[in-house]
Amino acid sequence: MDKPELYSRCAAPTFAAVNIRQLEELWPTLTWPDQPLPVLEVGCGPGDITAKFLAPRLPGGTKIVSCDISPEMLRYAEEHNGRPGVISYESFDAAEKDLEGTAVWKHGPYSKAFALLLLHWVPDNRCAIQNIYRLLAEGGEAVFTVVPYVSVFAAYEEMAEEPRWKIYMEDVRKFVSPYQHSPDPAAELRQLLEAAGFQVLHCWAGEVEVVFRSEQELKVSSFLFVAEFLVSVNPFLNRLPLGERDDFIDDILQRMYKLNGIIKEVDSSSGESKIIYFYTSMKALAKKL
Ligand SMILES: C[S@@+](CC[C@H](N)C(=O)[O-])C[C@H]1O[C@@H](n2cnc3c(N)ncnc32)[C@H](O)[C@@H]1O
């Protein structure tokens with residue numbers, strides 16, 4: 001992901017709300033060591049959750065190491081969500097094979113690991129989960145939020161078969177959630193966590209919806225807002241000629257309508273429109289014994 005401004009602006013009122021609600025539900029069950037150990041955040045994106053949610057809630061003196069694979073995200077996070085002496089932002093691939101050679105390893109071990117809206121971006125979940133397990137101190141806990149299924153991924157898969165788009169999407173599998181076709185994503189995640197050595201304290205998957213609200217609230221049409229959100233998370237767009245990009249996003253949106261992944265509703269009295277976006281969400285809390 002390389003569009004931090006757009007992601008920060010468009011994700012905040014939508015996915016972030018679900019993400020934060022899920023974090024708030026799990027937060028009271030977390031346990032904290034007497035001596036503060038650092039906290040790890042993997043896939044921190046623009047750092048909004050790091051600075052605005054995590055940092056204010058951590059026990060005094062706790063340092064946060066937040067990492068991401070995207071240099072653009074890290075640059076934005078440092079510039080807009082820097083907290084010198086509290087948060088250090090590091091470059092890191094969650095599925096790194098040489099874990100002990102990374103800066104993230106050197107700052108550890110960690111009392112907590114947060115991997116929020118990350119695992120659906122990582123094809124090798126087994127390796128990412130094992131890495132997180134190894135980075136934790138004994139008794140450390142890991143919190144995951146994931147999007148196992150969403151219609152936008154189904155749209156990518158369809159479009160990768162289309163003559164017009166296929167040359168830009170040959171590696172589509174890398175950008176579709178590894179749980180997209182799973183009949184039971186929570187059971188799959190639980191199995192991966194247990195295989196890494198975790199005790200699973202909580203693992204849930206279910207349908208959620210986010211509402212892209214009215215034109216008054218967003219100052220742009222809800223349709224345009226959804227399109228901007230899709231741009232902010234789209235891995236293919238930079239490969240397309242400029243003149244093809246609007247059609248590409250429009251094609252995704254039309255397919256999402258057909259798949260019932262989004263619906264438009266118009267309030268009969270006010271005439272106000274909103275777009276409802278459906279997807280499957282998953283959250284897990286696991287402990288290193
Ligand atoms: C949807 S954003 C989530 C950002 C933030 N955690 C949040 O909840 O708003 C996913 C982030 O994961 C990062 N990412 C994707 N693959 C990664 C990997 N293999 N290792 C580390 N970060 C990765 C992306 O660059 C992006 O910033």
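This briefing describes a pocket, a ligand site, a set of paired strands and a helix in one structure. The structure is a predicted model, in which local features need pLDDT of at least 70 and side-chain atom pairs count only at pLDDT 80 or more, while totals for chains, interfaces and linings use all residues. Residues are numbered from 1 along each chain as its sequence is written, and side-chain values use heavy atoms, with hydrogens and water left out.

**The largest pocket**

- The largest pocket has a volume of about 1,200 Å³, where a pocket is an open set of points on a 1 Å grid over the protein atoms alone, with a 1.4 Å probe fitting at the points and protein on both sides within 12 Å along at least five of seven lines, and the volume is the space filled by probe spheres set on those points.
- Its lining, made of residues with an atom within 4 Å of a point, has 50 residues, of which Met1, Asp68, Leu117, Leu118 and Trp121 lie nearest the centre of the pocket.
- By class, this lining has 34 nonpolar, nine polar and seven charged residues, with Gly counted as polar and Asp, Glu, Lys and Arg as charged.

**The ligand**

- Of the 19 residues around the ligand, each with a heavy atom within 4 Å of it, Asn19, Gly43, Asp68, Ala94 and Leu116 come nearest.
- A nitrogen atom of the ligand lies 2.9 Å from a polar side-chain atom of aspartate 93, and a backbone N or O atom of isoleucine 69 lies 3.3 Å from a nitrogen atom of the ligand.

- Strand E8 (residues 273-288) is largely enclosed by the rest of the structure, because 13 of its 16 residues are buried, meaning under 20% relative accessible area with a 1.4 Å probe and protein chains only.
- Strands, which are DSSP runs of E with at least two residues, pair if DSSP finds at least two bridges between them; E6 (residues 198-212) and E8 pair in the antiparallel sense over 14 bridges, and histidine 202 stands opposite leucine 285 in E8.
- Eight bridges join E5 to E8, also antiparallel, and methionine 282 in E8 is the bridge partner of valine 146.
- E7 and E8 form a hairpin with six residues between them, and glycine 271 in the turn has a positive phi of about 75 degrees.

**Helix H7**

- Eight of the nine residues of H7 are buried, including Phe153, Tyr156 and Glu157, and helices here are DSSP runs of H or I with at least four residues.

Conventions:
Buried < 20%, exposed > 50% of the residue type's maximum accessible area, 1.4 Å probe, protein only. Polar contact = N/O pair within 3.5 Å; in protein donor to acceptor, adjacent residues only side chain to side chain.
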